Amino acid sequence: ESETHERVMSIIASSRMVADVTLFDVYAGPPVLPGHKSLAYRVVYRAADRTLTDREASLEEERILKRLERDLGARIRASGESAPS
């Protein structure tokens, strides 16, 4: 919960392929672990010189997610995921 939206946005927006990023949901409560929050973002990928392929956008998304995990300890939470035992 201590990480800010601005810090997450900064990491996502630092990608040269990200044309726009918008926070559209914040949630805290079950099944999210106590002391954590779930943030959902809409990300638009774009290249100035060509049309991106699905693979290029997916690879960039993976890079962004790895950086969020490394720098903030963030992780993707699957829909309906419960707390680890």
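S15 lies in the loop between α1 and β1. The model is predicted. In it, the largest nonpolar core has 10 residues. Helices α1 and α2 pack with their axes 9 Å apart.

- S15 counts as buried, because its relative accessibility is 9% and the cut-off for buried is under 20%.
- Leaving aside residues up to four places away in sequence, S15 touches E60 and I64.
- I64 is also one of the residues of the largest nonpolar core.

**The nonpolar core**

- The members of the largest core are V8, M9, I11, I12, V18, V21, Y41, I64, L68 and L72.
- The largest share comes from α1, with 4 residues.
- Y41 belongs to this core. Not counting residues up to four places away in sequence, Y41 touches H5, V8, M9, I12, V21, T22, L23 and F24.
- Among those contacts of Y41 are V8, M9, I12 and V21, which are core members too.

**The helix pair α1 and α2**

- Two packed helices are described by the angle between their axes and the distance between the axes.
- Here the angle between α1 and α2 is about 140°, and the axes are 9 Å apart.
- That angle makes α1 oblique to α2, because only angles over 145 degrees count as roughly antiparallel.
- The crossing of α1 past α2 is right-handed.
- On the α1 side, the residues that meet α2 are R7, V8, I11 and I12. On the α2 side, they are I64, R67, L68, D71 and L72.
- Sorted by class, this contact has 6 nonpolar, no polar and 3 charged residues.
- The core also includes V8, I11 and I12, as well as I64, L68 and L72.

**L23 in strand β1**

- L23 sits in strand β1.
- L23 and R42 are 19 residues apart along the chain, yet their C-alpha atoms are separated by 6.4 Å.

Methods:
Residues are numbered from 1 along each chain as its sequence is written. This is a predicted model: local features need pLDDT of at least 70, side-chain atom pairs count only at pLDDT 80 or more; totals for chains, interfaces and linings use all residues. Side-chain values use heavy atoms; hydrogens and water are left out. A nonpolar core is a set of buried Ala, Val, Leu, Ile, Met, Phe, Trp, Tyr and Cys residues joined through side-chain atoms within 4.5 Å. Buried means under 20% relative accessible area, exposed over 50%, partly exposed in between (1.4 Å probe, protein chains only). Helices (H or I, at least four residues) and strands (E, at least two) are DSSP runs, numbered from the N terminus. Contact means heavy atoms within 4.5 Å. Axes are lines fitted to C-alpha atoms, for helices over the stretch in contact, and angles run from 0 to 180 degrees between N-to-C directions. Angles under 35 degrees count as roughly parallel, over 145 as roughly antiparallel, 65 to 115 as roughly perpendicular and the rest as oblique. A crossing is left-handed if the near helix is turned anticlockwise from the far one by less than a right angle, and right-handed if clockwise. Ala, Val, Leu, Ile, Met, Phe, Trp, Tyr, Cys and Pro count as nonpolar, Asp, Glu, Lys and Arg as charged, and the others, Gly among them, as polar.
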